[in-house]
Amino acid sequence: MEEQKVAIVGGGPAGLMAAEALSQRGLQAEVFERMPTVGRKFLLAGRGGLNLTSGQPLDLFLERFQPPCKQLQDALRAFGPEAVRDWAAGLGIETFVGTSGRVFPLDMKAAPLLRAWVSRLRRAGVRFHPRHRWAGWSPELNLHFETPAGPRLIRPPAVILAAGGASWSRLGSDGAWVPLLADRGVGIAPLRPANCGFEVSWSPHFRERFAGTPVKSVTARLPGGEPRQGEFVVTGFGVEGSLIYPFSAALRDEIERSGSARLLLDLLPGRDLQRLERELSAPRGSRSLSEHLRRRTGIQGVQAGLVRERLSPEDLARPERLARGLKELPLVLAAPRPLEEAISTAGGVRFEELDKRFMLRGFPGLFCAGEMLDWEAPTGGYLLTGCLATGRRAGEGAADWLEGR
């Protein structure tokens, strides 16, 4: 058995930020990571351009995190979007706000930031222990890790758990910590997919012809909700993409309640309903409906396929109903895709289990951070900022607790 200072379980953004907060307080941090290297999900998430945070005003930024929670909001107020940009600048990474309001490094890459961060942590005395899979506690309440060299037991004075959610398990986050904490009586909300694709019952013809095709320049909304503009991708199983993800929590919850959910698509957001009705009421002569749609509205390709897929023959035959369908095309979603495929995870350790330092109330010296907590947010920089903010708060909380013991 070994004596350590503060053990951090998990080498993702939350764990690394906890280590940074501890080192800034003059405390030794030891990061135990299941994978051969740290930050693997961070690197993959940045493959298409690392979205660090959002350029939104803080109050609007906070509204995107669910469920509302004082501990989480306090952490985000202490380390929000501006603090993230300042932190990146301290690593030599300049950032910019894109046209979407999202914040990116100038080179759009994750690897340079991660390298600079890990290098700075090493210089500050943080030690890294790869290939250490946390397996709970020994009978003597030592932290138990499985390693290539065999079991390893340690008894640090404080532990920060930042083991991630349960999506993209090949990168290290598999949710294996859930029974380890649940068996000790910690309240945990069930892990569910967030920012995920959804299943739609496409016809074989539509699936074969359009799977993999993007649907661009449309808006989507929930019934009774506000529209969002963007694009999504038709897949063999249904739909996924940046326009779908902001609705995923509401869609997932509605499916759990009712067995299905509806998303309404406006295929022509630049045209009003009355204009469409007039255009579609024009005689089409010998032209096919597809050609009539293309000439009068510009609808063709995958969008025309969606129209035929979702509207009845009666709707297609009547201009006023066809116009309504183009403006409110109902997409019926049957199920979210499996948790393994989701970008992020909802559910986790309930915040009522934590004090303001992010320490488990029933377990002095045991802290939690990152995606293993019960919160969710859309893509767009919210997820990464949430992990960084909660990691910093847990690190500071552990330092406060150790200094005040």
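User: Which residue does R252 meet in a salt bridge?

Analyst: Keep in mind that this is a predicted model. R252 sits in helix α9 (residues 248–258), and its partner lies 124 residues apart from it, in the loop between β20 (366–368) and α15. The two side chains come to 2.8 Å, N to O, and the partner is E376.

User: Is R252 buried or exposed?

Analyst: The cut-off for buried is under 20% relative accessible area. R252 has 1% relative accessibility, so it falls under that cut-off and counts as buried.

User: Where do R257 and E254 lie?

Analyst: These two form a salt bridge too, with the closest N and O atoms 2.8 Å apart. R257 is exposed at 61% relative accessible area, while E254 is partly exposed at 27%. They're three residues apart, about one turn of the helix, and both lie in helix α9.

User: Which residues do salt bridges that share partners join into one network with E20?

Analyst: Start with R120, which forms a salt bridge with E20 at 3.0 Å between the closest N and O atoms. That pair links distant parts of the chain, helix α6 (residues 111–123) and helix α1 (residues 13–24). Through shared partners, E20 is in one network with R120, R392, R393 and E396.

User: Are α4 and α15 roughly parallel or roughly perpendicular to each other?

Analyst: Helix α4 (residues 70–78) packs against helix α15 (residues 382–404) with the axes 8 Å apart and an angle of about 95°. Angles of 65 to 115 degrees count as roughly perpendicular. So α4 and α15 are roughly perpendicular.

Methods:
Residues are numbered from 1 along each chain as its sequence is written. This is a predicted model: local features need pLDDT of at least 70, side-chain atom pairs count only at pLDDT 80 or more; totals for chains, interfaces and linings use all residues. Side-chain values use heavy atoms; hydrogens and water are left out. Axes are lines fitted to C-alpha atoms, for helices over the stretch in contact, and angles run from 0 to 180 degrees between N-to-C directions. Helices (H or I, at least four residues) and strands (E, at least two) are DSSP runs, numbered from the N terminus. Angles under 35 degrees count as roughly parallel, over 145 as roughly antiparallel, 65 to 115 as roughly perpendicular and the rest as oblique. A salt bridge is a side-chain nitrogen of Lys or Arg within 4 Å of a carboxyl oxygen of Asp or Glu. Buried means under 20% relative accessible area, exposed over 50%, partly exposed in between (1.4 Å probe, protein chains only).
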